[in-house]
Amino acid sequence: MKSIVLLLFFVLSFTGNQIFAQTPQKYTADWESLGNHQAVPEWLRDAKFGIYTHWGVYSVPAYNNEHYYRTMHHSEGYSKHGTFQRHEALYGSLDKFGYHDFIPMFKGENFDAEEWADLYVKSGARFAGLVAEHHDGFAMWDSEYTPFNSNDMGPGKDVVGLLEKAIKKRDLKFFASLHHSFNYTALEIKDGWAAADPKYAKLYGSMMPRDEWLEMWLNKCNEVALKYHPDIMYFDAWLDDIPDDYIKKYLAYYFNESQLQGQEVAVTYKGEDLPQEVGMLDHENSNPDEIMEQPWLCDYSIGTGISYAWGYTDGMQIRTPKEIIHTLVDVVSKNGQMILNLSPMCDGTIPQDQKNVMHRVGRWIWSHGEAIFETRPYGAPHEVTAEGLDVFYTKKDKTVYAIFYEWPGLNTPVQLKEITSEKLGGEVKAVTLLGLKQLDDCTFEQSSDGLEFTIPKARIPDDLGIVFKIDFE
């Protein structure tokens, strides 16, 4: 009887501890409590690659970049590619034609969330989404806090809601970004301009009392969290324009709501806008030189060139598949995650040249994804061989992946100084070229100077990046 009682005691103690361990954390609006949240969940470290879009009213004028809302009001000089002068020449003076006059022209008649989500999958993304609101104050969801939203104006569709369903249906994580922290300070509106009309205050922001605008900011953030349950909430720069109390209220709301949904979520930030214990640092358009201890995110746009556009512009220049893959490899080797922005046209069409690039990117990722997904950094992110070849490293369990930017050449000995027994913690047992038709084994020799292997006769697997799988024991 005594043994039964003791057994029952241990069982109850164990299950009680399990129940206690699984009790959801109740977050409160203070940094100490918010710091208990896991800033970067493991699924995000595994996912590595995502896609989102800048699509909004700014795609109607389609000039310079997505900051048209602001630069069309730069009336002094010819700054920002002369956007003000061009706007007046094409559409009329700002007292007669404001940014809000583009909204009826933003119809999105070809927008198809299912088609967009299919492209994300074909491109190899593991998470995807969109800019839910840019600096221009136009919400891309069905909002009760502003009439300037895509459901009540423009496309007449809850764009965020449609994409959330399409993306999650394909087992991708959902990403939403909010850039409207800059909305309040973005414009200096002159008397007589259409933007000075009080009925447009919730669009232009600057015309609202500060306290009212801050409440609207918080309500919009909470609304996106409650209605669409994003797995990643991205905040652009200028989050430091928002008082800490509002930020902490939002984060507590988002973290608590996510727990109710059984989600492990992440919030991104730039600069020093959030404590690193709370969010994931974003490096826009740049990568660190070395492996970062804290996992990080970077975002790049498919747009490049003089305007460096994120939203669609007429005649925009775009990156090549090779640029995108090389950037992704660099990011992942340094403990980073990458999200790439696409730029749909105002009718909701993703231009064919952007699709072509993403199909090419996707083919490489679907062929070589084992060197990207679920990996972690190796002891060194990168080396340059004696022949001047760039090599980047990732690691998974007992495998290191050596990713070459360029084809080393057939029957050419290649030496990797970073692949030593000491750095590996073991001996190499196989070197394999991830190929186009088959996996090709390479002859190799390991020494204290590193690993030397020779590429067998094989077709070039892919000129975007050549992957060698190095198994060790």
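Tyr254 is buried, at a relative accessible area of 1%. Buried here means under 20% relative accessible area, exposed means over 50%, and partly exposed lies in between (1.4 Å probe, protein chains only). The model is predicted: local features need pLDDT of at least 70, side-chain atom pairs count only at pLDDT 80 or more, and totals for chains, interfaces and linings use all residues. Residues are numbered from 1 along each chain as its sequence is written, and side-chain values use heavy atoms, with hydrogens and water left out.

**Overall build**

- The protein has 13 helices and 19 strands. These are DSSP runs numbered from the N terminus: helices are H or I with at least four residues, strands are E with at least two.
- The radius of gyration is 25 Å, close to the 23 Å from the globule rule for 473 residues, so the protein is as compact as a globular protein of that length. The radius is taken over C-alpha atoms, and the rule is 2.2 Å times the number of residues to the power 0.38.
- Along the principal axes, the C-alpha atoms fill a box of roughly 75 × 75 × 35 Å.
- Of the 473 residues, 56% are buried.
- Among contacts between residues at least 6 apart in sequence, 70% join residues at least 24 apart. A contact means heavy atoms within 4.5 Å.

**Surface and charge**

- The protein exposes about 20200 Å², and carbon and sulfur atoms supply 51% of this area. Accessible areas come from the Shrake-Rupley method with a 1.4 Å probe; for residues, only the protein chains shown count as cover.
- There are 43 positive and 70 negative charges, and their mean positions are 5 Å apart. Lys and Arg count as positive, Asp and Glu as negative; His and the chain ends are not counted. Each charge is placed at NZ of Lys, CZ of Arg, CG of Asp or CD of Glu.

**Aromatic pairs**

- The structure holds 28 aromatic pairs. Rings of Phe, Tyr and Trp (its six-membered ring) pair if their centres lie within 6.5 Å; planes under 30 degrees apart are stacked, over 60 edge-to-face, and the rest tilted.
- The ring centres of Tyr91 and Phe102 are 4.9 Å apart with planes at 85°, so this pair is edge-to-face.
- Tyr91 sits in helix α5 (residues 79-91) and Phe102 in the loop between α5 and α6 (113-122), so the pair ties together parts that are 11 residues apart in sequence.
- Tyr91 is partly exposed at 25% relative accessible area, whereas Phe102 is buried at 0%.
- Tyr254 and Phe255 make a tilted pair, with 6.1 Å centre to centre and 35° between the planes. Phe255 is buried, with a relative accessible area of 1%.
- One aromatic cluster includes Tyr68, Tyr69, Tyr91, Phe97, Tyr99, Phe102, Phe148, Tyr200 and Tyr204.

**Two histidines**

- His135 lies in the loop between β2 (127-133) and α7 (159-169). His135 is buried, at 3% relative accessibility.
- Beyond its neighbours within four places in sequence, His135 contacts His67, Tyr69, His179, Phe182, Asn183, Asp236 and Trp238.
- His135 and Leu90 are 45 residues apart in sequence and 23 Å apart in space, C-alpha to C-alpha.
- His283 is in strand β6 (residues 280-284). At 17% relative accessibility, His283 is buried.

- Buried residues of α7 include Val159, Val160, Gly161, Leu163, Glu164, Ala166 and Ile167.
- The buried residues of α7 pack against α6, β2, β3 (173-178) and α9 (210-228).
- Asp171 follows α7 and has a positive phi, near 60°.
- Lys168 belongs to helix α7. Lys168 is partly exposed, with a relative accessible area of 27%.
- Not counting residues up to four places away in sequence, Lys168 touches Phe174, Tyr228, His229, Asp231 and Gln263.
- Lys168 and Pro230 are 62 residues apart along the chain, with 9.9 Å between their C-alpha atoms.
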